[in-house]
Amino acid sequence: MLMEKQFTSLWTQINNLMPVILGYVGQFVLALVVLLVGWAVINMVTRAMGRMMAASHVEPTLRGFLLSVVGLLLKALLLISVASMVGIATTSFVAVLGAAGLAVGMALQGSLANFAGGVLILLFRPFEVGDSITAGGSSGTVVSIEMFRTVMRDANNEFIYVPNGALSNNVVINSSQAESVVATVGLLIDYRDDLDKARALLLSLLQGDEQVLATPAPSVSFLPQSANIAVSLSFHCTPGNASALTAKYAEAAIKILNKEGYHLGISARASA
């Protein structure tokens, strides 16, 4: 008799709880369906964005980063929505995340500025990998553009690491974007030397060199100084050949003028 009463009481409690249990099961199943469908839709959206960015020739580094950020944000919003569907309070959780994000942002101001600079560089492309640039007192060839810094290699084969924040907020000279640049070889000769002959000798060095552009034509200029005359041999070439041609014709100019008896770097006035 006692057991029958206990069984009846238990069955009554189960019957009373059944609507609540079924309600939670229904919410859980619905939340699970929303999670699975939403996850699949987010993956489809990010893949479509990736194809659009690739078609627009967005830098692979920036493309991967943006897709990761968008995917994470959408999935975080989906998880918060699913949690609220099953009855989990998300207001406090969102507030904690916001406060934590603000604290991290304040602590990483410099890094965030460099990150923002990297995004701007990859978006607007003031320079690309392989370009020769001058920025912040440093010159070199761009080796890689990372999210927080840009790596360059200078003429001494040394690597220079420049924060992207500095590059995006300062003047950058990109020599590689021009079709041609002016290369100049500078020398000093004496006042006793023949200027017309020096011009003819120096210009003869450039004849037949296909790497030297014919237009604008090469030129030789003279600038009187107190003790000697500064000679400048100038010619146009592509940016990638400027350094090599300058070194080549600096050596050739010294050799040919020495052979012709010119007094390089020597002044009769200075020795008098």
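Just after α6, G208 takes a positive phi of about 85°. The model shown in these views is predicted.

**View 1. Helix α6 and its extent.** Helix α6 runs over residues 195-206. Its 12 residues reach 18 Å from the first C-alpha to the last, close to the 16 Å expected at 1.5 Å a residue. At the N-terminal end, α6 is capped by D194. The cap places a side-chain oxygen of D194 at 3.1 Å from the backbone nitrogen of D196.

**View 2. The buried residues of α6.** The buried residues in α6 are A198, L201, L202 and L206. Seen down the helix axis, the buried residues of α6 fall within an arc of 150°, so they line one face of the helix.

**View 3. Salt bridge between R192 and D190.** The side chains of R192 and D190 meet with an N to O distance of 2.7 Å.

**View 4. Salt bridge between D209 and K248.** Here the side chains of D209 and K248 form a salt bridge at 3.4 Å, N to O. D209 lies in the loop between α6 and β7 and K248 lies in helix α7, so the pair ties together parts that are 39 residues apart in sequence. D209 is buried, with a relative accessible area of 14%. K248 is partly exposed, with a relative accessible area of 44%.

View 5. E251 and K255 are joined through their side chains by a salt bridge of 2.9 Å, N to O. Both residues lie in helix α7 and are 4 residues apart, about one turn of the helix. E251 counts as partly exposed at 45% relative accessibility, while K255 is exposed at 53%. Side chains of opposite charge can pair when their charged atoms come close. A search of the whole structure finds 6 salt bridges, among them the pair E251 and K255.

Note on methods:
Residues numbered from 1 in each chain as written. Predicted model: local features only at pLDDT ≥ 70, side-chain atom pairs only at ≥ 80, totals over all residues. Heavy atoms only, no water. Helix = DSSP H or I, 4+ residues; strand = E, 2+ residues; numbered from the N terminus. Expected span 1.5 Å × (residues − 1). Buried < 20%, exposed > 50% of the residue type's maximum accessible area, 1.4 Å probe, protein only. Arc of directions from axis to C-beta. Polar contact = N/O pair within 3.5 Å; in protein donor to acceptor, adjacent residues only side chain to side chain. Salt bridge = Lys/Arg side-chain N within 4 Å of Asp/Glu carboxyl O.
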